[in-house]
Amino acid sequence: MTFSHDVVIVGAGGAGLMAALYAKEGGADVGVVSKLHPLRSHTGAAQGGIGAALGNMEEDSWLWHAFDTVKGSDYVGDQDAIETMCKDAPRTIVELEHYGVPFSRNKEGKISQRRFGGHTRNFGEAPVRRACHAADRTGHTILHTLYDQCLKNDVRFYDEFQVLDLIMNDDDECAGVVAYEILTGEIHTFHAKTVCFATGGFGRAFKTTSNAHAGTGDGMSIFLRNGLPLEDMEFVQFHPTGLYRLGILITEGARGEGGILRNSDGERFMERYAPTVKDLAPRDLVSQCIYQEIRQGRGIKGKEYVHLDMTHVGSEILEKKLPEITMFSRTYLGVDPLKEPIPVAPTAHYAMGGIPTDYDGRVEIGQRGDIMPGLYAAGECACVSVHGANRLGTNSLLELVVFGRRAGMAMAKEVKEGKDFAAMPDNPEQRTRDMLDTILSRNDGEPVVNVRNDLQETMMDNVSVFRNDETLTTALDDLQELRERANNVVVRDKGKKFNTELMDAVEIQFMVDYAEAVAASAHHRTESRGAHSREDFPKRNDDDWLQHTLFHSDGKGNFEFGRKEVAITRFQPKERKY
Ligand SMILES: Cc1cc2nc3c(=O)[nH]c(=O)nc-3n(C[C@H](O)[C@H](O)[C@H](O)COP(=O)(O)OP(=O)(O)OC[C@H]3O[C@@H](n4cnc5c(N)ncnc54)[C@H](O)[C@@H]3O)c2cc1C
């Protein structure tokens, strides 16, 4: 079937829903296409908070927030976009509250705020309480509230439709997307005046991750396959505190509420590395320090983890402000945080890089202002770039609502100003049909799971918190072989209804594409910056690398790089000390 909408949004997490709401409010007819039911999007798993300089607990300012974000990004975040986000943050929180998000309250009845890594007052003086939260279920409440608002405003949803291709016509215009309906196995065309990708992150490329199973980066690979570049893919965030061996997240809010990291000597080791902010240093630094401690033999019981000590924090805070993570620790590890420390280790968490956009969500295909008409991206799959080389906690939820909204408004404006449907090419679904037929017609080969396990293993071992020429070359060699294997997997289910095995087979091909983007971009950047720590190039090198990486690929293992300049407005690059 062919469906038509003024605006088609791919993905129903916080970014997609916010874009949908604002496109609708701007008068456009909106369809949201999502491979998951909207309420299963990963935004619902966000725990700790959303950042805004409301100043409800102590003095704060958007400028301090902007400075922290720039410094957190290791100066490679675009400062015009960062200013836009931090200035708009307080208004955004009030808006979310008016929509119905049940934020936790302080004693005065105002929205409660807590400390988070890298957020400080007065340009780095001391930690500040900036993270607004609904207990430790912040993302859950935002996702449900935005979904309610979309339903109320008659946004049309296509749930469990997996988008597999972008439709580009002969004039290089985007005409829509092709999607596979998971319930029926039918392939559909969506014709649109504007398309926005909001498909989330790709943590699933790594063996240990905090991300949901659906975090397979489909959108980014679809862009690559259509000849569009990805930006800054080398910057992948490892969150310092995943449950040991499981990767399930323990929010940074736990340290914001007083939790302390300890090594096998019981030492609060972050005091040595970051004397001012200690355990509330940004994530890139804390994850690197944890591995440093482990390498120097101070992991707990000689193993690859450290302790997150919450025993002094008290039951009031644990049960009221951090109920989810208290339960996770009890359920998954049998550890009661009230009585004993929680075993934690870094877990792959967040993609700073992605589809290059300007701060209205318009996709950029080269330098600044080099726009692909009618095509947008927002949320974790996009690279605006507000996070640069390292995202601060609470800035992702903020990014979703600020830039999701801006993308929605920009699309509605384009439609209002007369943007028409781009011409549909002949047989827009052909490529997708061929891909699925090829997979389904194969009767011999490896199951997807083997290839996926090996991909996750090589990425975890070789493209992790520390990288070097040798590990990255190993990963790239492995990925060449994995591409071949991913293109030859076999699916036993040949049916049409809920053939999730078939979608797994498609996803593993996507995973190879963007994993290669990550490993190759990491190999290309011969310096250390933020979350990208090269053992063979341990210093930041602003002369050569104060710039964004653009990765282009033909989807067959051939790739090349471009560069894009960083926007600097008021904060000149300095050495980063905490
Ligand atoms: C455990 C955890 C805790 C976190 N805590 C915080 C926090 O406290 N504060 C904070 O700021 N950030 C936090 N983050 C980060 C933040 O939650 C995410 O970056 C953010 O929610 C991503 O939102 P999104 O809208 O971009 O995508 P998602 O919410 O991931 O949604 C992606 C959407 O895309 C759809 N989709 C994907 N591929 C396709 C396809 N091929 N076809 C159709 N649809 C598709 C999915 O169905 C889904 O609806 C956390 C992340 C995790 C994993």
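Me: Let's start with a single residue. In which strand is Lys-564 found?

Reply: Lys-564 sits in strand E22, which covers residues 559-565. Keep in mind that this is a predicted model.

Me: Is Lys-564 buried or exposed?

Reply: The idea is to look at relative accessible area, where under 20% counts as buried. For Lys-564 the value is 2%, so this lysine is buried.

Me: Then what does the side chain of Lys-564 pair with in a polar contact?

Reply: Look for N or O atoms within 3.5 Å of each other. Here the side chains of Lys-564 and Glu-231 make a polar contact of 2.9 Å. Beyond its sequence neighbours within four places, Lys-564 also touches other residues, including Pro-356, Glu-364, Gln-547 and His-548.

Me: Next, the nonpolar core. How many residues does the largest one have?

Reply: In soluble globular proteins, nonpolar side chains tend to be buried together. In this model the largest nonpolar core has 105 residues, and Leu-166, Phe-197, Phe-206 and Leu-455 have the most contacts inside it. Helix H15, residues 500-524, gives the most to this core: 15 residues. There's also a second, separate core of 56 residues, with Ile-9, Ala-378, Val-386 and Phe-403 among them.

Me: On to the ligand. Which residues around it come nearest?

Reply: Begin with the shell, then pick out individual atom pairs. Of the 38 residues around the ligand, the nearest are Ser-41, His-42, Thr-43, Glu-380 and Leu-397. By class, that shell has 14 nonpolar, 20 polar and four charged residues.

Me: How much of the ligand does the protein bury?

Reply: Compare the ligand alone with the ligand in place. Alone, the ligand exposes 1000 Å², and the protein buries 97% of that.

Me: Last one: which element gives the largest share of the shell?

Reply: That's H11, with four residues. Other elements giving two or more include helix H1 (14-25) and strand E7 (161-168).

Conventions:
Residues numbered from 1 in each chain as written. Predicted model: local features only at pLDDT ≥ 70, side-chain atom pairs only at ≥ 80, totals over all residues. Heavy atoms only, no water. Core = buried A, V, L, I, M, F, W, Y, C linked by side-chain atoms within 4.5 Å. Buried < 20%, exposed > 50% of the residue type's maximum accessible area, 1.4 Å probe, protein only. Near = heavy atom within 4 Å. Areas by Shrake-Rupley, 256 points an atom, 1.4 Å probe, with all protein chains shown as cover. Nonpolar A, V, L, I, M, F, W, Y, C, P; charged D, E, K, R; others polar. Polar contact = N/O pair within 3.5 Å; in protein donor to acceptor, adjacent residues only side chain to side chain. Contact = heavy atoms within 4.5 Å.
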